[in-house]
Amino acid sequence: MRIQSHATLIIGEDDTAVETRVNMHAALAVCSDPLESSDGRSPCGTCRNCRLLKSTGEHYDIIRVTKSEDKQQLTIDVIRAIIDSAPVMPVQAPHKVYIIRDAGDMNASASNALLKLLEEPPSKVVFLLTGKRVKDFLPTIRSRCVIERISSERTSAAEDKNALAIFEAFGNRNPSLLATECLKLEKGLTTAELRAVLHSLYRLFSNAAVTPGADARQSLLALEVILPLTELYRPPASIGAGHAAGTLMVRLTAILLN
Ligand SMILES: [Zn+2]
């Protein structure tokens, strides 16, 4: 992940993919010692904040906000509770994170209160908002957030199989099998199919990155390799399958051997 803004709006139809992205942002925000690389930053996986999150899936400084059970929308009292607690310093992480799910589903007074909060954010606070459509948010709220859209394109079984083979070779720390599986991507795939494989791989590694017990740090490093490739394959794609296969192979192998 390259930058972390004080407010990020994550838009997507696929709840699992949105949740995964939210968790990645939250993990980075609470890490005491993020790893820096030319591709951006990722959680270290070893500091006490990373270890707490990895072992329990939760952290004192990650607060998940949802609507009250008897309400259809997020209401102003939910936002007021955030306004009251946000200025209090984080318990042990460098940032306190508020995850506000379905934040597009908010009445006008709640939206306006949220806007005020985003306009003058307390220090050391990161807001992660999610929603299905950008248009559900006030333009003034959108303009205060970095917007990330998650593609919901479905992949076919064949592409999932390709991705799974690469993911498993990586997980088994088998560089030669990893090379073989990556190089298969060079042959016979259209740009759309290659993109689907990359998205499928992205999902596999994203899930592993937040699964307690999995090697989260390795998975996050792998995501730093895959994410730029999925961006490059946005139409009109400017790079060939050989480039994708070669980059994946070289960079994933380097992570394994480190
Ligand atoms: Zn850490």
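Analyst: Strand E1, residues 7-11, runs parallel to E7, and the two are paired over 4 bridges. Within that pairing, Leu9 sits opposite Ile147 of E7. Keep in mind that this is a predicted model.

Zooming out a bit, E1 and E7 belong to an open sheet of 5 strands, ordered E4-E5-E6-E1-E7 and paired in parallel. Strand E4 (62-65) and strand E7 (146-149) are the edges; each has a single partner strand, so one side of each has no neighbour in the sheet. On average, neighbouring strands are turned by 20 degrees against each other, if you ignore direction.

Now for what lies on the sheet: helix H1 (residues 15-30) packs there and touches E1, E4, strand E5 (96-100), strand E6 (125-131) and E7. The direction of H1 makes about 175 degrees with that of E6.

Setting aside neighbours within four places in sequence, Ala26 contacts Ile62, Val97, Ile99 and Leu128. Ala26 also shows up in the largest nonpolar core, a set of 68 residues, among those with the most contacts inside it, along with Val30, Val97, Leu128, Leu201 and Phe205. Helix H8 (residues 191-209) supplies the largest share of this core, 10 residues. The core takes at least three residues from each of domain 1 (7-149) and domain 2 (157-257). As background, nonpolar side chains tend to be buried together in soluble globular proteins.

Note on methods: Residues numbered from 1 in each chain as written. Predicted model: local features only at pLDDT ≥ 70, side-chain atom pairs only at ≥ 80, totals over all residues. Core = buried A, V, L, I, M, F, W, Y, C linked by C-beta atoms within 7 Å. Buried ≥ 20, exposed ≤ 12 C-beta atoms within 10 Å, placed from the backbone. Domains from an automatic or database assignment. Contact = placed C-beta atoms within 7 Å. Pairing = 2+ DSSP bridges. Axes fitted to C-alpha atoms, helices over the stretch in contact; angles between N-to-C directions.
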